[in-house]
Amino acid sequence: MSDIPQDLKYAESHEWVREEGGGLVTIGISDHAQEALGDLVYVEVPDVGATVTVGDACAVVESVKAASDVYSPVDGEVVAVNEALADAPELINSEPYGEGWIMQVRLADANALDDLLDAEGYANAIADD
Amino acid sequence: MPFIPHTDTDVEQMLGAIGASSVEALFDEIPAALRCGRLDRVPERMTEMEITRLMHERADADGRPLNFIGAGAYEHHVPAAVWEIVTRGEFYSAYTPYQAEASQGTLQVIYEFQTMMCGLTGLDVSNASLYDGATALAEALLMAVRANRKSKSHRILMPRSVSPVYRQVVHAICAAQQLKLVELDYDPATGATPEAALAEHAGSDIAAVVIPHPNFFGCFEAVDSMTDWAHANGALAVAVVNPIALALTRAPGEWGEQGVDICCGEGQPLGSPLSSGGPYFGFMTCKQALVRQLPGRIVGRTLDMDGKPGFALTLQAREQHIRRGKATSNICTNQGLLVTAATIHMSILGPVGLQQVARASMANTRKLVAALTELPGIEPVFTGAGFHEAVLRFDQPVRPLVDALGERGVIGGYALEGVYPELTNCLLVCATETKTDADIDTYVQTLAALMRPASAA
Amino acid sequence: MTESLIFEHSRPGRSASAQYPAGDFDVDLPAGLERTSELGLPEVSELQAVRHFTRLSQLNFSIDTHFYPLGSCTMKYNPRACNRLAMLPEFLSRHPLAPVSASQGFLACMYDLQEILKDVTGMKGVSLTPMAGAQGEFAGVAMIRAYHDARGDTGRTEILVPDAAHGTNPATATMCGYVAREIPTDDNGDVDVEALKAALGPQTAGIMLTNPSTLGVFERRISEISKLVHEAGGLLYYDGANLNAILGKVRPGDMGFDVIHMNLHKTFSTPHGGGGPGSGAVGVSERLLPYMPIPVVGKANDDSFRWLDEDDLPQSIGRLSGFMGNAGVLLRAYVYARMLGRDGMHRVAEFAALNANYLMARLEQAGFDLAFPGRRASHEFIVTLKRQHKSVGVTATDVAKRLLDHGFHAPTVYFPLLVPECLLIEPTETESKEALDAFVDAMIAIAKEAEDDIEHLRGAPYTMPVRRLDDVRAARQLDVRYQPDDQAA
């Protein structure tokens, strides 16, 4: 059973979103997703300043056998990316909700998070996997 | 039945195990209307003895003329050991090394090859090969466009002194991905790309600049200033090189202030026979920072479960079998056997051997040019220094001469006017280390007898 | 057994001096262009090099040494005559730009090969220039694009690809400027025709199909699919990866395909060479003839052979190689085709199918699950270990690695992606019944081991030069060239 923190929002495509206040959110991929991918060997993050929209492939996570797109769960502008992943992609495996974050986005619309799943909703969504 | 081991008893037992009445029944899922009949245009079979005779007859018909032509494929001595080993079944009939534990031989060869190509080109990472030099350049430019995130234009500065066929291949492969080739003319006096041709594009959005070394005319370009110009203008520097020339000249990784970003080229001079144009192999090396954009297979050294070193394909998530529509290239099969040949070839020649081959080829071409230009009506076209090819202008049409030489067992060179209309009556000639003084004399005497006296021109 | 790196045998000053010209040569390099760094090549004797590379060869599995039932790769015997005759000195020394007057022997072989390939595929024209399957795919899809463009039909943006397709198919579509759109497969392994109908439209440029598919079964509704795609204005591309299954039985041209590529390194038995060279000759229907990649071999008025180039085919998609592709591979394919002859062509698919169906039946009887039970095998079939994976935790990798210890190369694993824990097994027509029976015995022994001692199975292989390699380390701590002061190993 994978870890699904209660205080985060989730997309069905396995991204999590944490509200940081002031219209800023932090985004990463769920514990369930990292477990399914296995040991990550590379993460491609977007450029700071890039505009992202919901459903856009904005990052890529690679294991030795698979490459998966990370889809933006929100609309907005990328204000920071996790540079540490360049040398240590395994941070996503060890701390998917902490040091393994992928990017921070300034939201275009603060109410946009309402469409995302809560922890319970995400748990149900992955129960069928 | 050629190459099929089954006895009648085998077939009977096997059909019994399957529960099928006949071999034909195994095809009962194919709609009857689609089944094909007799293949009328396929001839009856030949035994090995018969086909051997036929192939010898055809080979004999073509003979073994004296080659003074290069233009992208160069005749060099290949040590006998190279192809004796390459055609061992263990290399020849193995597949791509996906099962690493059962393919350590192939994998280690590729790792050694990568090391040698990085050494020759002065760059950090090499792939395991591409199809040939022309497609390697196409892939290098697609890679440059992916890697140069600052440039949005997809514009490539392409000297006209790059092989015309390479430029055609780049166009055929890259046009659908919106690459735009901007041609740079060469200096009609030196045969190299003048600084002014680049300067015209200063300040515009350029993804990459191609730097041939030597160029199609055999001339050396101003590689340092072209590399620096590219970097000063936000473009990647992409070298397309003859690996034999690198034995004597500065490595592309050391050109200009920062070195080129990507280097590619035709690997044929490293152990592939001329063989009508293939199989050869393309090579590509690049700076470490660009490795994720490098197309094709890469072998890495790692450890096994017991901590023992071994080799495996790595960074496969860039490739089509994992990345599918988002892969760096659609390339799958490459030119592994030719890479094996090149690795053995480079090992046997070593640094001294490769340098001697390069020096002898340069010296022989100088001799050939000197001897030919002693004939009335033949002049060198370019003043710039070159490697082992040169362009000569005749006072009469060269195509009839080339044909007539061919009938007399001399392949005299490559007529340039078809691809460079301004180079009327010009011939690109080459003499590698394989040519003796007597060979050069044969060429000169045969040509002298064919040329029309200047007075009649 | 392992072998040190060639660089570790190197000693300064050693060389194989019989192999290069001696003497001082007068060379005039421009000032500042002289080489300043080492070349990075080893300095060894000829014997050291010969011994090193011979030993390395002995670390490989190959067709000549082992049964190699790698699905979708057609690892059949590569007759030695093909190699010997392609390497006649006259063929090896022929310069690609030699005049046609000095090339009639070579051109005759190429012309004959084009004619044979046209007949066995039912196509109207063949170009031999593509250098591998993926380049053949590129040529094919580029011709589809050229065809639509020439008609001013420029709104077609999509290439349809079954979800079971080789990764090269969508990658090729992208290289040709198209978007690849996936079509699902039904439970019997056929294309889901209803989904296909829904996907077809004015945006459809064409569809890429392998038939038999990568699932090892023949696409039974191919005529209907062909009709649907053509009615939508699209063209059909045949991926020849599995042509061995139908050679001499059914022709892509008769199934309605407009363009195909052939993997001559599979069906026509040219060597795989540890990853190439291949050859991806393309065949086209009447309407794509003008777009074939150049050069093609044709005949002059006097019946002599000549090159057809841009003057003859002005609408060609162009040149895809520096000269004419992998000529030496084509000579090997030609020799093979002549030795098979007409009857031999028909026998290829017959005995490939006999071997595949026999092996499938034996493995099913031994308790293995088939991905598509009740279907005929084509020249290959899929075993799935889904049940055993659930019950004892065995994976396809475990079985693959253990087969190496039993002296068999592993089948293709984890492809196609649709079937969990799958083994795609292709025995080819050149294997004897005894080889297949021995393989079945090994599979039975491994299945028993999975039940009895899964931990031991997970440690396989035990008899190879190395045990299972750490792929994650290989990717994270990238070591792709030897550096003398390296501490990596």
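Mentor: Start with pairing: two strands count as paired if DSSP finds at least two bridges between them. The model is a predicted one.

Trainee: What makes β14(B) and β15(B) a pair?

Mentor: Strand β14(B) and strand β15 (residues 426–430) of chain B are joined over 2 bridges, in the antiparallel sense. The rule asks for at least two bridges, so the two strands pair. One bridge can be named: Y414(B) has L428(B) in β15(B) as its partner.

Trainee: Which order do the strands of that sheet in chain B follow, and why are two of them called edge strands?

Mentor: The open sheet of chain B has 4 strands in the order β11-β12-β15-β14, with antiparallel pairing. β11 (378–380) and β14 (414–415) of chain B each have a single partner strand, so one side of each has no neighbour in the sheet.

Trainee: How do you know that a helix packs on this sheet?

Mentor: By contact, which means heavy atoms within 4.5 Å. α11(B) touches β11, β12 (389–394) and β15 of chain B, and its direction makes about 10° with that of β12(B). Helix α12 (residues 398–407) of chain B lies across β12, β14 and β15 of chain B, at about 40° to β15(B).

Trainee: What makes β11 and β13 of chain C a pair?

Mentor: Strand β11 (residues 381–384) and strand β13 (residues 422–425) of chain C share 4 bridges in the antiparallel sense. The requirement is at least two, so this pair qualifies. T384(C) has C422(C) in β13(C) as its bridge partner.

Trainee: What is the strand order in that sheet, and which strands are at its edges?

Mentor: In chain C, 4 strands form an open antiparallel sheet in the order β10-β11-β13-β12. Its edge strands are β10 (369–370) and β12 (412–413) of chain C, each pairing on one side only. Helix α11 (residues 327–365) of chain C packs on the sheet; it touches β10, β11 and β13 of chain C, and its direction makes about 15° with that of β11(C).

Trainee: Why is the largest cavity said to lie between domain 1 and domain 2 of chain B?

Mentor: Domain 1 (66–75 + 351–456) and domain 2 (80–344) of chain B both give residues to the lining, so the largest cavity lies between them. The C-alpha centres of these domains are 29 Å apart, and 30 residues of domain 1 of chain B are in contact with 29 residues of domain 2 of chain B.

Trainee: Which elements line the second largest cavity?

Mentor: About 150 Å³ of space lies in the second largest cavity. Among its 15 lining residues, W83(B), P279(B), L338(B), G328(C) and R332(C) are the closest to its centre. The elements that give two or more residues are α11 (336–373) of chain B and α11 of chain C; α11(C) gives the most, with 3 residues. The lining divides into 12 nonpolar, 2 polar and 1 charged.

Trainee: What makes the bond between G278(B) and P279(B) cis?

Mentor: Its omega is about 0°. P279(B) is in the loop between β7 (262–266) and β8 (282–286) of chain B. The peptide bond from F415(C) to P416(C) is also cis, with omega near 0°, and P416(C) lies in the loop between β12 and β13 of chain C.

Note on methods
Residues numbered from 1 in each chain as written. Chains lettered and ligands numbered in written order. Predicted model: local features only at pLDDT ≥ 70, side-chain atom pairs only at ≥ 80, totals over all residues. Heavy atoms only, no water. Axes fitted to C-alpha atoms, helices over the stretch in contact; angles between N-to-C directions. Domains from an automatic or database assignment. 1 Å grid on protein atoms, 1.4 Å probe; cavity = no way out; pocket = protein on both sides within 12 Å on 5 of 7 lines; lining within 4 Å. Points joined across faces, edges and corners; volume = space filled by probe spheres on them. Nonpolar A, V, L, I, M, F, W, Y, C, P; charged D, E, K, R; others polar.
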